[in-house]
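Please read it alongside the sequence and the coordinates.

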Amino acid sequence: MLKFRTVHGGLRLLGIRRTSTAPAASPSVRRLEYKPIKKVMVANRGEIAIRVFRACTELGIRTVAIYSEQDTGQMHRQKADEAYLIGRGLAPVQAYLHIPDIIKVAKENNVDAVHPGYGFLSERADFAQACQDAGVRFIGPSPEVVRKMGDKVEARAIAIAAGVPVVPGTDAPIMSLHEAHEFSNTYGFPIIFKAAYGGGGRGMRVVHSYEELEENYTRAYSEALAAFGNGALFVEKFIEKPRHIEVQILGDQYGNILHLYERDCSIQRRHQKVVEIAPAAHLDPQLRTRLTSDSVKLAKQVGYENAGTVEFLVDRHGKHYFIEVNSRLQVEHTVTEEITDVDLVHAQIHVAEGRSLPDLGLRQENIRINGCAIQCRVTTEDPARSFQPDTGRIEVFRSGEGMGIRLDNASAFQGAVISPHYDSLLVKVIAHGKDHPTAATKMSRALAEFRVRGVKTNIPFLQNVLNNQQFLAGTVDTQFIDENPELFQLRPAQNRAQKLLHYLGHVMVNGPTTPIPVKASPSPTDPIVPAVPIGPPPAGFRDILLREGPEGFARAVRNHPGLLLMDTTFRDAHQSLLATRVRTHDLKKIAPYVAHNFSKLFSMENWGGATFDVAMRFLYECPWRRLQELRELIPNIPFQMLLRGANAVGYTNYPDNVVFKFCEVAKENGMDVFRVFDSLNYLPNMLLGMEAAGSAGGVVEAAISYTGDVADPSRTKYSLQYYMGLAEELVRAGTHILCIKDMAGLLKPAACTMLVSSLRDRFPDLPLHIHTHDTSGAGVAAMLACAQAGADVVDVAADSMSGMTSQPNTGRKNGSPQHICKAFSDSEVPLERVFDYSEYWEGARGLYAAFDCTATMKSGNSDVYENEIPGGQYTNLHFQAHSMGLGSKFKEVKKAYVEANQMLGDLIKVTPSSKIVGDLAQFMVQNGLSRTEAEAQAEELSFPRSVVEFLQGYIGVPHGGFPEPFRSKVLKDLPRVEGRPGASLPPLDLQALEKELVERHGEEVTPEDVLSAAMYPDVFTHFKDFTATFGPLDSLNTRLFLQGPKIAEEFEVELERGKTLHIKALAVSDLNRAGQRQVFFELNGQLRSILVKDTQAIKEMHFHPKALKDVKGQIGAPMPGKVIDIKVAAGAKVAKGQPLCVLSAMKMETVVTSPMEGTVRKVHVTKDMTLEGDDLILEIE
């Protein structure tokens, strides 16, 4: 019984109930016996195997799959009714080329017919003959036709005989490189090598010059041999910028041949099709007629049966040239099916059963084009790395679907392992619409819906193709990809959720990613965020600054009736107490409360200094982003940063243009007040920083670093006259505000009165700002003395973040007499709000228990007056002493600090000079050296690098000069810097640096990134690589960031407003053979799992070393694959661009070339070795 439906004015056979006799054929067609097929084996794998299985199932035919040892987990074997292993012990590709095994499986399991799919044996005449000899039908052309069409030289001769135009080329496969030379001499370049017994871009190489000839001949031969079992090549003239148009043909055993119109396959990479379109856009109707009639003519010339494709090149003048016949089903057959409504696989099977095309309702006059279809091949290739194949485990797979979308895939599912052994095709996406623009829109939407994680895909590249105006206009040729470099300006996938799971899994398996000084867990409870009023915050001092500029702001500060406060909680307080580890996540929570309740603050110190380095190095967050986000949340209070003069926010000197650009960009991002200091009070360094801050439009606050005791007549080096003289210079240089920066808390009340009153008398109109630390416990008394002596601003911290090595607290200031502290009297800021602020920070401080100085310190210490250790350093030095096993000797470290300071000439001690003294002190304690012994042995000892560079003059000249003869003994013949260190540095080419960063990290490089890299190149690189791997860590709460989740813990992560992840940690597996543990999560209700390397276990296991990206000369594998040839040996001289070795992956060969000139130091691979991406191949020096 036949079922018909009307389609485009013709009758179409949809199905045939299986009977043993054929219905009557057309009278004009001879009768042959109809032999129904009951069982089909697909001699292939992956997507095409499943495509055929589906067609068989629709026709009621039983299916058989074959699979290699490497394909045991592939979906095609599960989709079949039966599946059998072939090629045991053979290489992955060879298994599917082993004809005896395949025929044996077919015979043993009563297979009626074999479908070859595409690739592998699909165009091998010997395979078609073997099937025929075994009594198994071959679903395709006869062996003789396969042979003729598979031999491109013979196919070319047949085309010539049929009157079909061809490209100039050899009449037979060439046997040597010499023949290729002769051909190129006759026809000139460019030429192209093609595999004589296969297609798909394998064994195909374009040659533009004699210099390229030998290498490309060798590679093409090798690829053809590996892919098709025969390395024979033929060569022809290469037509530049043609369109690649192919015509789908279908024939039966009765001589009927018809075409199903054309496909445009011009969008190619490495001669492999990427996007296919049917019908070809803007194709001249007469040219279409010539193409289709020539295709039918050629098929009739050889008596073609079943499905096939005739391929042509069409030049810019509309001339077409036959290039080959693919005597099989094509990858892109799908688009033809969509526009003609003909199921080609159904038709193939029916023809093999003995049906005629008219029996199937397939007559040329009934074949019509219905709309437009586009196919995109989604592959596991990385377009950012020249489409190198990527392998691994698919962690997430979500496809694009909906009206007009068809998906043909195989192993595209969560948990699937992408092998390096086979083609990189993941899924074919086919969009069908009424016209080309409609189909393109549907395709773009579908690709945008895809989520593939765990392996790289070409989806970002395909999206660029779909959005390209030339593509949308339908005017592409085979050079489209090469001539549109903007296609490679890829928009990286955010992949935020999966990256965060990787981070959490890493912490669960390997522990915290940031160094933990002491074993203490974060508080299990989050801090309480006090309520914030609705609406904008009240006006503050920043409004004055924006309205009246730096000079007007300074006048307003000086004229303010009472003492103003700067809150250091957001920077110096947590640097002193919590090792600078407080994250932006916790600062943002309390920021709106500060904006609404403390608008009368002179400023907030929240940036610069150590926070810049620590943010990237240990917290894996961008310090610029912190500034931007806090500025948005606190628009009304001036921000203040710590600028280390010519050192900016680093620990060394930079070219002047870097410092100026840094200040400019900081001001643009919301910084207001630049507290400029130098660790040695070295005036040239300070003046540079002041000039940079002033030229950027910032408020310049020159800070004199304080040490010694001006009230002690015996301390003569840093006397009152010294400080007054320095102040004169800074005021003359144009500072808006003058600051005394007492980093160690050495200012005693008597000294405060003497120094501040002298400054006030000398500079009555200049605002004075005093900064101290409360290490001795006398901080509040000192600041009150400063206020009474005429200071305008003093620094304080939230009560719970004050005291010890931090600043004095806000609450105690608030309890001072009103005439001293009007700004924080109860009439302006109720104590309750200060208490709420402190309560938040008390809770937040608990999250950082592992960094809290109270883990090793229980109180401040008045011995600071003796050792003069700065507050922030006091805490860090204590942690360092414990980590180095000197915890019990901290008293000795402090004593050595005093001696080290004297050895170095009694320095101003602020970062980085304080670090130099601290390094020397710990060096002395570790080596059991007294000052006398260290000085006596100075010529023999290997002092810390920081000490040596200080003595060389790399951070400036200390007051009173360098200590002699100690300096000369240490330096010996080492070079010395004279004058301001940065003055001799050439300007840094920031544009070149930006270009370098873009090449390494992609297009998402900001001006802020350039400055981060300029000051901390290694730290910035690690930060960018880390966040590229683990995502937006600032969205995690601090306990999760430091400790990770507990098993069965459920939590939420807000990526952005309106996008919240619901996560539950489920389990961690045992160690696998690769040194990994599988970590299971539930994400938004769906199971997710990731593999995490156990770093401790890996130390005990042997793995091939990886090439380090930052080590010049280490050459890594650009893709996973097998080493098939090594071109050099250890000791060999290599030139830039010289081939080093050849890798093969997914049947594609890649030549790894030298990026530099040098000598091969060591080769780390051997032939036939299998590598993963970035595995170390060799080292060049």
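1. R51, V52, A55, C56 and E58 of helix α1 are in contact with L344, V345, H346 and I349 of helix α12, contact meaning heavy atoms within 4.5 Å. By class, these residues of the α1 contact with α12 comprise six nonpolar, one polar and two charged. Ala, Val, Leu, Ile, Met, Phe, Trp, Tyr, Cys and Pro count as nonpolar, Asp, Glu, Lys and Arg as charged, and the others, Gly among them, as polar.

2. This is a predicted model, in which local features need pLDDT of at least 70 and side-chain atom pairs count only at pLDDT 80 or more, while totals for chains, interfaces and linings use all residues. Residues are numbered from 1 along each chain as its sequence is written, and side-chain values use heavy atoms, with hydrogens and water left out. Helices (H or I, at least four residues) and strands (E, at least two) are DSSP runs, numbered from the N terminus.

3. The crossing of α1 past α12 is right-handed; a crossing is right-handed if the near helix is turned clockwise from the far one by less than a right angle, and left-handed if anticlockwise.

4. From α4, I99, I102 and I103 meet D126, F127, A130 and C131 of α5. The contact of α4 with α5 holds six nonpolar residues, one charged residue and no polar ones.

5. Is Q807 buried or exposed? With a relative accessible area of 0%, Q807 is buried (buried means under 20% relative accessible area, exposed over 50%, partly exposed in between; 1.4 Å probe, protein chains only). Q807 sits in the loop between β32 (793-796) and α27 (810-814). Its side chain makes a polar contact with the side chain of H773 at 3.4 Å. A polar contact is a pair of N or O atoms within 3.5 Å; within protein, one must be able to donate a hydrogen and the other to accept it, and residues adjacent in sequence count only if both atoms are side-chain atoms. Leaving aside neighbours within four places in sequence, the contacts of Q807 include T568, D572, A573, H771 and D795.

6. Two cis peptide bonds deserve a check. One joins A278 and P279, with omega about -5°, and P279 lies in the loop between β13 (272-278) and α10 (285-302). Another joins E964 and P965, with omega about 10°; P965 is in the loop between α34 (945-952) and α35 (966-971).

7. D341, although not a glycine, has a positive phi of about 60°. D341 belongs to the loop between α11 (333-340) and α12 and is partly exposed, at 33% relative accessible area. N495, also not a glycine, has a positive phi of about 50°. N495 is located between α15 (469-473) and α16 (496-510), in the loop, and counts as buried at 18% relative accessibility.
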